[in-house]
Every structure is written in C-alpha cells, then in structure tokens.
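Have the sequence and the model open side by side as you read.

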Amino acid sequence: MAKLPQLVLKAGKEQSLNRFHPWVFSGAIKKIKGELMEGDFVEVLDSNENFLALGHSIIGSISVRVLSFEQVEMDYDFWRNKIQKAYDLRKAIGLAENEQTNAYRLVHGEGDYLPGLIIDYYNGTVVVQMHTVGMYRIQDVIVDVLKDVLGDKLKSVYAKSEGTLPYKAYVDATNGYIYGDKPEKIALENGLKFHVDWEKGQKTGFFVDQRENRSLIERYSKGRKVLNMFCYTGGFSFYAMRGDAKLVHSVDSSERAIQVTNDNVQLNFPGDERHQAFAEDAFKYLGETKDQYDLIILDPPAFAKHQNVVKNALQGYRRLNAKAMEQIQKGGILFTFSCSQVITKEQFRTMVFSAAARAGRKVRILQQLTQPADHPVDIYHPEGEYLKGLVVYVD
Ligand code: SAH
C-alpha cells in the first residue's frame with residue numbers, strides 16, 4: 001500500500017475514535033506527517049503513533065471523516081463491499097425490489113459508513129451527491145460499483161455535487177448525467193406517483209426521508225381539512241387525499257414547487273377538486289387561516305445549518321408552530337418537523353412546548369417521529385438523527 005499522509009492526535013483525543021465516532025476535529029490534531037491536501041486519504045494515529053482510522057481529509061473544523069477503523073486497502077473491493085452492504089440493508093427493510101415504492105435512499109453518509117456520500121434511487125436513476133472532495137475524486141469508482149451492485153436495475157446516474165462540495169475546495173463539479181440516457185422522471189412511493197426533478201429540484205429532487213410520515217398522514221386525514229405547509233412536491237397532500245380528507249391545500253413559497261405539486265395531482269387524482277395549491281409565504285398564509293383547518297403539516301426547510309444560529313432558528317420554529325397552533329381548529333392535529341441536524345430532539349420538543357404555551361392551547365403529544373430506515377443512524381454518531389417530528393393534538 002502506498003504510504004499515506006498521517007495525522008497524529010493529541011494525547012487523550014483518541015477516545016471518540018475508539019468509540020467509533022467517525023469525525024476528527026481540527027482541535028484534536030498534534031501534527032501532520034507528510035503532505036496533506038483536501039480530499040486525500042489519510043491515516044489517523046494516536047499520540048503514540050498507533051493506528052486508529054483511515055479517512056478522507058477535509059479543511060475545516062472537521063478534519064477527517066473516517067471510512068474505516070481497520071487498516072485496509074481502499075481499492076475497488078472496499079467500495080463495492082460498502083455499497084453492496086448498503087443495498088442489502090435496503091433489501092432487508094423491504095425497499096429495494098418493492099413494487100409499490102421505487103424511490104429510496106441507497107447510501108446515507110455516516111449512516112452507511114460512507115461519510116460524504118449520498119445516493120438516492122429513483123426508479124432506475126440514481127442521483128449521486130458528494131459532500132467531500134475525497135468522495136468527489138472517486139466518483140468514477142462509485143459509478144462502476146453501482147453498475148456492479150444494481151446490475152440491470154441501473155439505467156442512469158445523475159451527478160449532483162455542484163452545490164454540496166466545500167466552496168473553497170475549487171473543484172469544478174458540474175451537475176449532469178454521467179451514465180445512461182435521460183430517463184423518465186416518475187417514481188412511485190407507496191403506490192403514489194411523483195415527478196422527481198433531480199435536475200432542477202432541491203436536494204436530489206425529492207424528500208424520500210418523509211416517506212413514512214407521509215404514510216401516517218393517510219391514517220389521520222379522513223374527513224379532515226388539511227393544510228400541507230411547505231409542500232414542495234406535494235407529498236403529504238396525496239396521502240391525505242387517498243386517506244379521504246375533505247379538502248387539501250398545499251402551500252409553498254416557490255412557484256415551481258406549486259407547479260410540480262399540481263402536476264402530481266394530475267398524475268394521481270386528475271380533476272379532484274378537493275385539492276388546491278398556493279404559492280405563498282408560510283407566515284403570511286398562516287396568519288390568515290383562523291379555524292380553517294383541522295390537520296396542519298409543518299415541514300419547513302432547515303432553519304439552522306450551523307451551531308451558531310441555533311438560537312435564532314429555534315425562535316423561527318417557535319413562531320411558526322405558535323402561529324399554526326393559534327389558528328388550528330379545536331380537536332386539530334398538527335404534524336410538525338425540523339430537519340436541522342444541529343437542533344436536538346430535546347430542543348425541538350421544548351420549542352413545541354413553548355409554542356403551545358404562547359398560543360395558549362392545550363396540546364398533547366400523540367406520536368414522535370423521525371427519519372425512516374433507509375436513513376440509518378450510526379449509534380456512535382447520534383448527529384445523524386437529523387429529522388425530528390411530533391404529532392400533537394390541539395384541544
Ligand atoms: N414537505 C415536503 C418537503 C419540504 S422542503 C415533502 O414532503 O417533500 C421545504 C419547502 O419549504 C421547500 O419546498 C421550500 O420552497 C419551502 N419554503 C421555504 N421557505 C418558505 C416560506 N417562508 N414559506 C413557504 N414555503 C417555504
């Protein structure tokens with residue numbers, strides 16, 4: 001094996017790696033041996049220079065994302081083995097090879113021991129998104145592995161790392177197809193059809209992480225007047241319609257999201273007059289809906305992307321939730337979410353508590369929600385549990 005650059009940690013700083021936490025923070029480093037550039041493979045050693053881990057080097061407060069706690073060769077078989085395991089897990093949880101659902105996350109970064117790599121599968125197309133330069137450099141290997149693991153199931157690969165690599169890394173990532181033809185962009189989720197626009201849409205084109213929470217809406221919506229706030233492609237709305245909601249209003253500030261939502265209505269419930277979609281700001285819209293709805297979904301974008309804005313983000317979430325709780329009918333049900341990784345489950349719940357108090361409503365928690373099984377959380381990396389949700393009953 002070619003000699004890799006090495007990072008030697010300060011004494012005592014090996015503890016989190018011994019507990020399989022996959023990040024090395026810059027403050028833990030004593031010295032660097034060899035020449036180290038962003039994206040290089042690097043060996044991490046303890047203060048006595050014993051081997052701890054192998055990973056990708058990054059410039060920033062996290063200096064290494066760990067790929068292996070064993071001293072192995074990072075060759076084709078290494079990556080193939082990891083992605084095969086990720087695929088086997090999706091089979092084990094009933095997602096790969098499912099007739100009703102062909103949209104799922106195949107690789108979820110740290111949750112699949114592949115930090116920096118996100119892969120979503122949409123009916124034969126995989127969207128590959130790199131968050132580290134190291135992963136971006138091995139994109140071709142990843143594509144070869146995907147062909148190998150998915151076989152005939154793989155029709156196209158769309159690379160989408162233009163906006164996700166560190167800004168100062170100066171790698172010129174461009175979005176585009178790197179394998180296969182331009183495919184049809186309709187995927188199935190629990191039997192519902194969705195236009196998934198990985199080219200122009202947010203993230204990889206669709207929020208697969210809400211699949212099970214959307215499914216839950218179907219059970220709660222019979223006879224209800226539903227507001228799907230921050231609807232994006234309208235996901236929650238179609239489950240509510242299938243669950244016999246009386247009416248469903250989808251709202252998003254993006255005109256494009258509203259257009260996609262309306263297209264998805266035509267795919268699933270053509271001409272159904274129970275549904276209407278509005279391009280409006282959430283706070284403005286909620287301000288004008290007194291007693292109009294008895295089921296409200298709040299699935300906002302991440303208000304906090306960094307630790308230093310958590311306080312402001314919590315205030316934003318609180319204002320939003322308080323507004324929804326003020327406006328919802330008596331006996332209403334609120335599905336409320338945060339997808340900010342830096343906001344903990346406890347902070348989220350405390351925020352909902354203070355929103356309830358501010359709205360002066362009696363509120364009970366019915367269910368506590370999180371991300372689905374294709375977004376696994378490495379127990380040694382609790383930061384991976386980014387999606388938090390509560391279903392509350394508002395008396
Ligand atoms: N619930 C969706 C995902 C929501 S993503 C699903 O199941 O797929 C968050 C959405 O919030 C984005 O579509 C974004 O356009 C929208 N958004 C962001 N700020 C907003 C605002 N102030 N008012 C309304 N929508 C907003």
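1. A word on terms first: two strands pair if DSSP finds at least two bridges between them, and strands (E, at least two residues) are DSSP runs numbered from the N terminus. This is a predicted model, where local features need pLDDT of at least 70, side-chain atom pairs count only at pLDDT 80 or more, and totals for chains, interfaces and linings use all residues. Residues are numbered from 1 along each chain as its sequence is written, and side-chain values use heavy atoms, without hydrogens and water.

2. Now to β12 and β13. Strand β12 (residues 186-189) runs antiparallel to β13, joined by four bridges, and E189 stands opposite L192 in β13. The two strands form a hairpin with two residues between them, and N190 in the turn has a positive phi of about 45 degrees.

3. Please look next at E38, in the loop between β3 (29-33) and β4 (41-45). A polar atom of the E38 side chain lies 3.5 Å from the backbone nitrogen of I59.

4. On the backbone side, a polar atom of A282 lies 2.8 Å from a ligand nitrogen, and one of F230 lies 3.1 Å from a ligand nitrogen.

Technical notes
Polar contact = N/O pair within 3.5 Å; in protein donor to acceptor, adjacent residues only side chain to side chain.
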